[in-house]
Amino acid sequence: MSLQYYIDKFQHLNTNSINGRNSPHKVCMLLAVMKLIDEGIITQNRIVFDDLLKASFSECFAQMRQANDRNTPENPFYHLKTEGFWHLVYHPGVDSYSVKRFSAKTVSHVRLDDELFDYMRSPIAATDLKDALTNNLSNLSDLFSNWLIGLGKSEKTAKNYLQALQSSIPRWMAEKQLIELQPLTKISSYQQFHALVERTRQLDEFKIRNTNGNGMYSSALNAYSRFLADIAQVDLKQDVEDILEDNALSATEKSILVSTRLGQGHFREQLIRYWHGHCAVTGYSETQMLVASHIKPWRDANNRERLNPYNGLLLLANIDKAFDLGFISFQDSGKVMIARQLEDPEVLGIRDDMAVNLHREHKPFLSHHRMEIFRGF
């Protein structure tokens, strides 16, 4: 099947709807699988319902859930079978017709359509698939508000951003016939929103109001763009494209940087050697489960810093995600710092007695992480 076929399938999942709101469970399960593929944890077309998958699902679900949603990853793992591309593989001797819900005693693993698995492994195609999934998410305004508050913004700021996105900015855009009058929070595609943002910034009305409002309208656009990017996980594609389009880089340099951005190549090998094949925090030694994590994020670093092994930690996937989102950081002594906003860190295997053995060259990068990424200050 073509990529467009799967994009259409992802845009129109069969989801439960309560009070006009679609359940996020299937979306989160598919995003969780693609995240583990991105990180090199899932390398074969064999999706197992294990702790890593459940943790990846929970991280995504925490962003998208509403008040009455329950964290039940076993449900989408089973019910995605109705979509036609998600195939349950049962243990030998199990009568599949007698199975009505997930059980580890009956279901061995899941196999995707081979073409879909190949698309998920491509950073370019996977981004289009992730973007398509956001089409299933209703009530994006509530999700956006919760996302802002989760980043430490006040309820007042969230309300102001929503007012700007739902009323002021779309009115100015409609007056210039850029769009039909509707709230910008109806847009679920990062690519579509990003294209509109660039045109909006050129409007005279926007420039005047943004200056008078101390940049509030620009901040609202940036925040919603970042929100859609987080949901659709589109940064990877954009970073790869930026590398390939950089004429200042040689073909060899581009190849090295792309491999590094994908969590592969020499940078990962350096981290595995430096940390002796163990998670820097837990000591876990199965390298297939470990992520080459940048301390100073890719988006903030220059090319030299992106390849510097002292700007890296080798981490279990769940710890990498918490570190990347700023829910944890580390003191110069190596002791873990846990943001109050991280609910139930124990569920992710994060404890306040954890520490990492740091070299002095790690510390400038960690200083940046604590000041710019960590949510605890």
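Tutor: A residue counts as buried when its relative accessible area is under 20%. Please keep in mind that the model is predicted.

Student: Is Lys35 buried or exposed?

Tutor: The cut-off for a buried residue is under 20% relative accessible area. Lys35 has 8% relative accessibility, so Lys35 counts as buried.

Student: With which residue does Lys35 form a salt bridge, and where do the two partners lie?

Tutor: Lys35 lies in helix α2 and its partner in helix α3 (residues 51–64), so the pair ties together parts that are 24 residues apart in sequence. The closest N and O atoms are 4.0 Å apart, and the partner is Glu59.

Student: How many residues apart are Lys26 and Glu83?

Tutor: These two side chains meet in a salt bridge, with 2.8 Å from N to O, and both Lys26 and Glu83 are buried. Lys26 belongs to helix α2 (residues 25–38), while Glu83 is in the loop between α4 (74–79) and β3 (86–90). The pair links distant parts of the chain, and the separation is 57 residues.

Student: How is helix α5 oriented relative to helix α6?

Tutor: The axes of α5 (residues 114–121) and α6 (residues 123–133) come within 5 Å and cross at roughly 105°. Angles of 65 to 115 degrees count as roughly perpendicular. Therefore α5 is, relative to α6, roughly perpendicular.

Notes: Residues numbered from 1 in each chain as written. Predicted model: local features only at pLDDT ≥ 70, side-chain atom pairs only at ≥ 80, totals over all residues. Heavy atoms only, no water. Axes fitted to C-alpha atoms, helices over the stretch in contact; angles between N-to-C directions. Helix = DSSP H or I, 4+ residues; strand = E, 2+ residues; numbered from the N terminus. Parallel < 35°, antiparallel > 145°, perpendicular 65-115°, else oblique. Buried < 20%, exposed > 50% of the residue type's maximum accessible area, 1.4 Å probe, protein only.
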